[in-house]
Amino acid sequence: MLKRLVRHAVGATVPKMDSRNDVGGPDAATTQSGAGKKRRRRMLFILVVMPGVLASGLVLQEQNRAALSSAAPAAMPAGPDSLLAARSPGARGDGDFLVMKSTFAPPGSGDGAMGPDGQGPVERVLSQIRTRPGEIAPFGGDSDPSFVMPLLLNGPLLPVPASFAGPPAGPPGLAVPTGDPTFIAPPGGGGGGGGIVVPEPSTWFMMLIGFFLVGHSLRRRIARARLAPPVMASG
Amino acid sequence: MPWILSGGSGASLALVMVATLGVGPVGAPDEVHDLRAGAQVPVLSTASLAGHRIRYAPGQAQLPLTDGAMLQVGSMLATDARMKHGDYRWNEDGAVSNGPLLIRIDLNHQILSVFRGGDEIGTAVILYGGTDKPTPAGTFHILQKARDYHSRSYDAPMPYMLRLTDDGVAIHGSDVQPGAATHGCIGVPIAFARRLFDVTVQDAQVVILPAAHSKI
């Protein structure tokens with residue numbers, strides 16, 4: 001814009017001012033800078049590559065539909081029996097099963113339907129009670145309920161064994177299911193204290209992608225600023 | 001990136017996304033769970049594949065029932081792949097609108113099929129009784145329907161219950177998982193149980209075929 005004004009001042013022909021196309025007129029060739037070439041490249045990309053991608057997408061769609069609709073007749077004709085066999089997950093294996101009913105008849109109505117040894121459903125997940133460092137192990141399993149009592153009822157905390165100074169490294173620092181009276185007070189008074197949190201791989205990747213995007217956009221902004229220096233607003 | 005959104009490029013990009021992402025396998029408007037594309041369904045030479053239904057010529061296709069009886073099959077649902085625990089199909093398109101209802105339970109295949117007038121309208125993978133409480137085989141009739149029944153013996157919910165015997169064997173909604181069994185009832189996915197409950201009438205026939213290699 002500034003160049004055009006300067007050229008006008010020194011007597012060159014004023015090019016036609018078009019709001020949609022700010023290069024034009026007899027001096028268009030000389031005023032076309034990298035911006036114009038870039039725009040031409042962009043339009044070329046749009047006109048050539050996009051239809052190509054569109055066409056390949058439509059071709060894929062046609063292939064997909066053709067593959068689905070073509071049902072080659074099998075060598076052996078399939079009747080309802082074969083259809084059932086094909087859709088079936090197979091015969092159920094022998095053995096003991098986890099019965100789906102969540103609770104069972106009270107003992108005494110016993111008809112042996114409670115599982116292999118009549119003890120009720122077998123836990124398949126969380127077979128070991130797991131605690132985080134700093135948490136008190138919940139009731140259950142072989143934990144002695146009485147071990148929690150000293151913590152609740154006694155005023156001052158019991159002395160900490162010397163070997164346990166510092167944050168717990170691996171196993172939870174508090175779970176003492178055997179009922180040992182010399183247990184350790186939870187650090188920080190709650191769950192989650194002292195644990196090390198490692199991000200998931202997907203989190204790492206997202207962070208890297210974010211950094212790349214930020215760097216890329218910064219680089220583009222700099223490049224654009226270099227190619228097309230800021231112009232004054234036209235009147 | 002403002003250029004990617006400007007003018008025609010934006011429209012082209014939208015078209016590209018629609019073309020490549022939009023249309024998956026062509027499917028009929030039936031209620032399908034875990035439909036997989038790509039599997040071929042074997043087609044009987046004199047049958048026709050209409051959408052998701054395989055139609056047979058009259059008298060050409062039968063399925064065995066109990067006591068030597070045979071069911072004349074007019075059409076079957078075309079499942080695209082092997083079904084898993086928790087899967088079901090329900091499609092009444094192309095089936096006769098009224099006709100005798102038959103529920104055929106094949107313990108060996110762990111499949112329940114619902115036929116109306118010889119046309120299959122629904123199928124599901126089932127749970128059945130474990131070794132201590134086996135599901136009885138034979139011919140039964142729906143004795144009672146209850147939308148929200150609760151088992152007194154086992155203190156457990158039995159949604160969409162269809163009672164088969166006086167001692168408690170019924171078809172009802174359940175969490176169908178592999179490796180699980182019931183106390184003798186037939187467990188089907190709850191959504192399928194709702195559909196089955198709505199079409200079933202009292203005294204409808206239920207046929208249970210035994211597991212071939214049953215221990216009992």
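The model is a predicted one, and its chains together hold four salt bridges. One of these pairs joins chain A to chain B through R87(A) and E120(B), while the largest nonpolar core comprises 31 residues.

**Salt bridge between the chains**

- R87(A) and E120(B) form a salt bridge in which the closest N and O atoms are 2.8 Å apart.
- R87(A) belongs to helix α4 (residues 80-87) of chain A and E120(B) to strand β10 (residues 119-125) of chain B, so the pair joins two chains.
- R87(A) is buried, its relative accessible area being 0%, and E120(B) is likewise buried, with a relative accessible area of 0%.

**Salt bridges within chain B**

- The side chains of R104(B) and D106(B) form a salt bridge with an N to O distance of 3.9 Å; R104(B) counts as buried at 4% relative accessibility, and D106(B) counts as buried at 8%.
- A salt bridge also links the side chains of R147(B) and D198(B), with 3.7 Å from N to O.
- Because R147(B) lies in strand β12 (residues 144-151) and D198(B) in helix α2 (residues 190-199), both of chain B, this pair ties together parts that are 51 residues apart in sequence.
- R147(B) is partly exposed at 46% relative accessibility, and D198(B) is partly exposed with a relative accessible area of 48%.

**A loop residue in chain B**

- G59(B) sits in the loop that runs between β3 (53-55) and β4 (62-64) of chain B, where G59(B) counts as exposed at 52% relative accessibility.
- Although G59(B) and Q72(B) are 13 residues apart in sequence, their C-alpha atoms are 6.4 Å apart in space.

**Nonpolar cores**

- Among the 31 residues of the largest nonpolar core, those that touch the most other members are I105(B), L112(B), V114(B), I171(B), I186(B), F192(B) and V206(B).
- Elements of chain B that each supply at least two residues of this core include β8 (101-106), β9 (111-116), β10, β13 (156-163) and α2, and the largest share, five residues, comes from α2(B).
- Leaving aside residues up to four places away in sequence, F192(B) touches Y88(B), R89(B), W90(B), L112(B), V114(B), G122(B), T123(B) and A124(B).
- A second, separate core has 18 residues, among them A61(B), L63(B), A78(B) and F115(B).
- As general background, nonpolar side chains in soluble globular proteins tend to be buried together.

Methods. Residues are numbered from 1 along each chain as its sequence is written. Chains are lettered from A and ligands numbered from 1 in the order in which they are written. This is a predicted model: local features need pLDDT of at least 70, side-chain atom pairs count only at pLDDT 80 or more; totals for chains, interfaces and linings use all residues. Side-chain values use heavy atoms; hydrogens and water are left out. Helices (H or I, at least four residues) and strands (E, at least two) are DSSP runs, numbered from the N terminus. Buried means under 20% relative accessible area, exposed over 50%, partly exposed in between (1.4 Å probe, protein chains only). A nonpolar core is a set of buried Ala, Val, Leu, Ile, Met, Phe, Trp, Tyr and Cys residues joined through side-chain atoms within 4.5 Å. Contact means heavy atoms within 4.5 Å.
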